[in-house]
Amino acid sequence: MKAFKPHLQGLPSYPYQKVEAAIKLDQNESPYDLPPELKQTILERLEHLELNRYPTLHAEDVREKLSAHLDWPVEGLVVSPGSNLLIQALVQAAGRVLDTAPSFPHYAFSARISATPYQAIRLGEGFELPMEALLEALQANPAVLFLPNPHAPTARLFAVGEIRRLADQAAQTGGLLVIDEAYHQFSGTDFASLARANPHVALLRTFSKAWGLGGIRAGYLMASPEVCNVIQNFVPPFGLPAHTAQILLAVLESPGYVQGIVQALRAERERLYQALQKHPTWTVYQSQTNFFLIRTPDAAAAYRALLQKGILVRRQDHYPGLEGCIRVSVGTPQENQRFLEAAFSLAEVSHA
Ligand SMILES: *Cc1c(COP(=O)(O)O)cnc(C)c1O
């Protein structure tokens, strides 16, 4: 296809393959759908929605409600169908992208499709932030630095002091630190005050994880009005579907259920961590998210053996530094129990 830009030739597709399994622990989704009363409220709202009408231009209705929920100015919000689209927008707008490695793959993928200069810096052996290299890279040229915190796929949380230093450096050189807070409810952290004080810090949030709304596609950017004005242009006009907007308005009116989900998943995370410590051949890394990164002797073998027992996890061994690693979402107590049983029976097999 010669009509397309040359850099798009031979592009790899997003690394995901749909596989059927009874227990789905491969996408870090919430294992819980919305409470039935809330779902009923949503169905009633959708019944009255005029599907022939366009939604609001820039999700003004949702931004208004979100602004009150977050205590954050409405001019500092961009809402889009999934935060992945905001990642793409930020990368398209960026003159240069900095990333950590391993990291959430959509930063690198977005740079690839938009031919944006991209540099990834390896995390340390224990997944520490490579502070000196990051500060140096930020200083060399203004850049947009993507930092998931808690980090994906390692599940670790970085020190506040380190993030502040990166933010200060971004401010000095006119760069932008984008903290991707996809999992922040599970760590109990929130960098809104840093973003409020420093316009060179932006936050990405999603409804796909703790809110239990992966199916409706919704995420948002919290940033300075200046950053939002630019990024809003990359989200097509009338870009947030009317049905997604109605669901968001409903959950923002009754957000209480999220806390219960987060508490349940955090308790299960602790239980899983304690249990997995005793695994004879696996190393489990501490998690501040709703998933675990686990190093096994052979990721392909672990993946296959778990799938045979009806449990779907995600291989991570294609990342540099993550040899043998798999990623497992925290599910319901029953799902987690089945996972633990499978994990330990697999250990017996490999010992035999
Ligand atoms: C899951 C996840 C997202 C969410 O993307 P959506 O498009 O909003 O579903 C963003 N960033 C990271 C690091 C994630 O793990």
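Predicted model: local features only at pLDDT ≥ 70, side-chain atom pairs only at ≥ 80, totals over all residues.

Reader: How many cavities of 30 Å³ or more turn up in the whole structure?

Author: A search of the whole structure gives one.

Reader: And which residues line the largest cavity?

Author: Thr-56, Leu-57, His-58, Ala-59 and Val-79 are among them, and so are Gln-232, Val-235, Pro-236, Phe-238, Gly-239 and Leu-240. By class, that lining has seven nonpolar residues, four polar and no charged.

Reader: OK, switching to pockets. How much space lies in the largest pocket?

Author: About 840 Å³. The largest pocket is lined by 37 residues, and those nearest its centre are Tyr-14, Tyr-16, Gln-27, Arg-314 and Arg-327.

Reader: Which elements give two or more residues to that lining?

Author: H3, H4 and strand E12 (314–315) do. H3 gives the most, with three residues.

Reader: You mentioned H3 and H4. How do their axes cross?

Author: Helix H3 (residues 83–93) and helix H4 (residues 105–114) have axes that come within 9 Å and cross at roughly 50°, which means H3 is oblique to H4. The crossing of H3 and H4 is right-handed.

Reader: Which residues make the contact?

Author: From H3, Asn-84, Ile-87, Gln-88, Val-91 and Gln-92; from H4, His-106, Tyr-107, Ser-110, Ala-111, Ile-113 and Ser-114. The contact residues of H3 with H4 divide into five nonpolar, six polar and no charged.

How values were computed. Residues numbered from 1 in each chain as written. Heavy atoms only, no water. Axes fitted to C-alpha atoms, helices over the stretch in contact; angles between N-to-C directions. Helix = DSSP H or I, 4+ residues; strand = E, 2+ residues; numbered from the N terminus. Parallel < 35°, antiparallel > 145°, perpendicular 65-115°, else oblique. Left-handed = near helix turned anticlockwise from the far one by under 90°. Contact = heavy atoms within 4.5 Å. Nonpolar A, V, L, I, M, F, W, Y, C, P; charged D, E, K, R; others polar. 1 Å grid on protein atoms, 1.4 Å probe; cavity = no way out; pocket = protein on both sides within 12 Å on 5 of 7 lines; lining within 4 Å. Points joined across faces, edges and corners; volume = space filled by probe spheres on them.
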